[in-house]
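Please look over the sequence and the structure before reading on.

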2 protein chains.
Amino acid sequence: MQRWKLTIEYDGTPYMGWQRQHHGPSVQQTIEDALTKFTEISDPCLNVAGRTDAGVHAVGQVAHIDIEKPLTAREMQNATNHHMGYAPIAILKAEAVDNSFHARFDAKKRYYRYRITCNHQAPPKLDAMRSWHIRNDLDIEAMRAGALHLLGHHDFSSFRAAQCQSDKPQRTIDDISISEFTDPLRPGRQICIDVAAKSFLHHQIRNFAGSLKAVGEGRLAADDIKTILETRDRTKADMTAPAHGLYFVRVDY
Amino acid sequence: MQRWKLTIEYDGTPYMGWQRQHHGPSVQQTIEDALTKFTEISDPCLNVAGRTDAGVHAVGQVAHIDIEKPLTAREMQNATNHHMGYAPIAILKAEAVDNSFHARFDAKKRYYRYRITCNHQAPPKLDAMRSWHIRNDLDIEAMRAGALHLLGHHDFSSFRAAQCQSDKPQRTIDDISISEFTDPLRPGRQICIDVAAKSFLHHQIRNFAGSLKAVGEGRLAADDIKTILETRDRTKADMTAPAHGLYFVRVDY
């Protein structure tokens, strides 16, 4: 029996999310179906670092699985990719790891990026379902000032989904930064919100992005983020940003 | 009658190319169909700077058209985008221009970018149909040395498609440069070949990209590009790179 650590890229658009569901296709099921084509696995099997929601993308998701059949790392990667065919999921790396490794419980830090395309009248087409489209410009300095209030250890009840299953609303945000990049192939102004923490509440980053966008628009002041945080009341924060702007970037172990 | 200059983005994947065809959907037809929903146009009507092939993308294509109905620039842009619905085409800008402006004949310089993702075992998924995927790494310095031979005025018969309709094989390449960029959301090594010229032969940039990739792999030496150019024989150059890595970037008038 060999434990494998898989690093995974996916376009979340056609999936109900990472987790296997009865009512539609999931990333987990697609990978597990491919694995069963060339090896035997127990069911359910993949343990994942971040159970992303429907429509959320990943470029460095990590999951582990135990496989009986002896395989090289290259065989494990290529056979899984081969059997997924045209599904928008790829195994970027397969590494044989010790049986003590756990993709979810051993994660020390998780990194997410939220992408916004603003100051752009037309809907993005080459980047459709890859970035949150805001027609007007956003004040990035105000957003940075607002984001500072989210750093550190807080009760994040104001930025937590009603259906969140965590037993406590406290989390520690290790890093949050807002950057801009230019790419001649991406029309409009490109903004990224990068957030890192050991773990997150349900919808926490999308709720951060929704309220920081309101700060960028001037509908909220930067210091309103502090006030909202202190109320511990989800109804005081702004909208949940759409799933298609969010990317699971990587995990530190 | 008002002449309009339209700047256009499109994902070329589902189209037979820019030009209206009998056997499938085209970018031209999709835009013209949208225009006829809110104004009267003569048929055929759109004059374009660069008639891109099937699968080629654009982020700054330019076309012009004459419209009888009085419209503001914002109305012209938004109504066209509205009537294109979910088609992966967007009008980025609509500008009222003088009747003497011609999108094709007045173009002084056209800019194309060819994207390659290399040193990456798995097929790109978030960037599927957006970049040419090469599993092995490429020697970018060798590619740069090879590209230098393509600069300037030459007979480009070796890099010209058999079906090219131009009456002469000479062109002047004003700029060709090869750059790298990193993007945490784009796994693998990202290489861009940027080429600028007043005009191009059919498949010229994709033929450049195919032979420069062979130089990057070490199958051709950088100086072989010079030799290939001098033979004026298409069979001496390497393969035509696939359409989905090519982007029409912009036009100078």
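The model is predicted: local features need pLDDT of at least 70, side-chain atom pairs count only at pLDDT 80 or more, and totals for chains, interfaces and linings use all residues. Residues are numbered from 1 along each chain as its sequence is written, while chains are lettered from A and ligands numbered from 1 in the order in which they are written.

**Overall form of chain A**

- Chain A has five helices and 10 strands; helices (H or I, at least four residues) and strands (E, at least two) are DSSP runs, numbered from the N terminus.
- Chain A is as compact as a globular protein of 253 residues, because its radius of gyration is 19 Å, close to the 18 Å from the globule rule. The radius is taken over C-alpha atoms, and the rule is 2.2 Å times the number of residues to the power 0.38.
- Along the principal axes, the C-alpha atoms of chain A fill a box of roughly 60 × 40 × 30 Å.
- Of the 253 residues of chain A, 44% count as buried. A residue is buried if 20 or more other C-beta atoms lie within 10 Å of its own, with C-beta atoms placed from the backbone.

**Strand S3 and its partners**

- Strand S1 (residues 2–10) of chain A runs antiparallel to S3(A), and eight bridges join them. Two strands pair if DSSP finds at least two bridges between them. In this pairing, A:Lys5 stands opposite A:His64.
- Strand S2 (residues 47–48) of chain A is also antiparallel to S3(A), with two bridges; here A:Val48 stands opposite A:Ala63.
- Strand S10 (residues 246–252) of chain A runs parallel to S3(A), joined by two bridges, and A:Tyr247 is the bridge partner of A:His57.

**Contact with chain B**

- The contact takes 24 residues from chain A and 24 residues from chain B; two residues are in contact if their C-beta atoms, placed from the backbone, lie within 7 Å.
- On the side of chain A that touches chain B, the elements giving two or more residues are S1, S3, helix H2 (73–84), strand S4 (89–97) and S10 of chain A.
- S4(A) provides the largest share of this side, four residues.
- The residues of this side divide into 16 nonpolar, four polar and four charged. Ala, Val, Leu, Ile, Met, Phe, Trp, Tyr, Cys and Pro count as nonpolar, Asp, Glu, Lys and Arg as charged, and the others, Gly among them, as polar.

Definitions and conventions. Buried ≥ 20, exposed ≤ 12 C-beta atoms within 10 Å, placed from the backbone.
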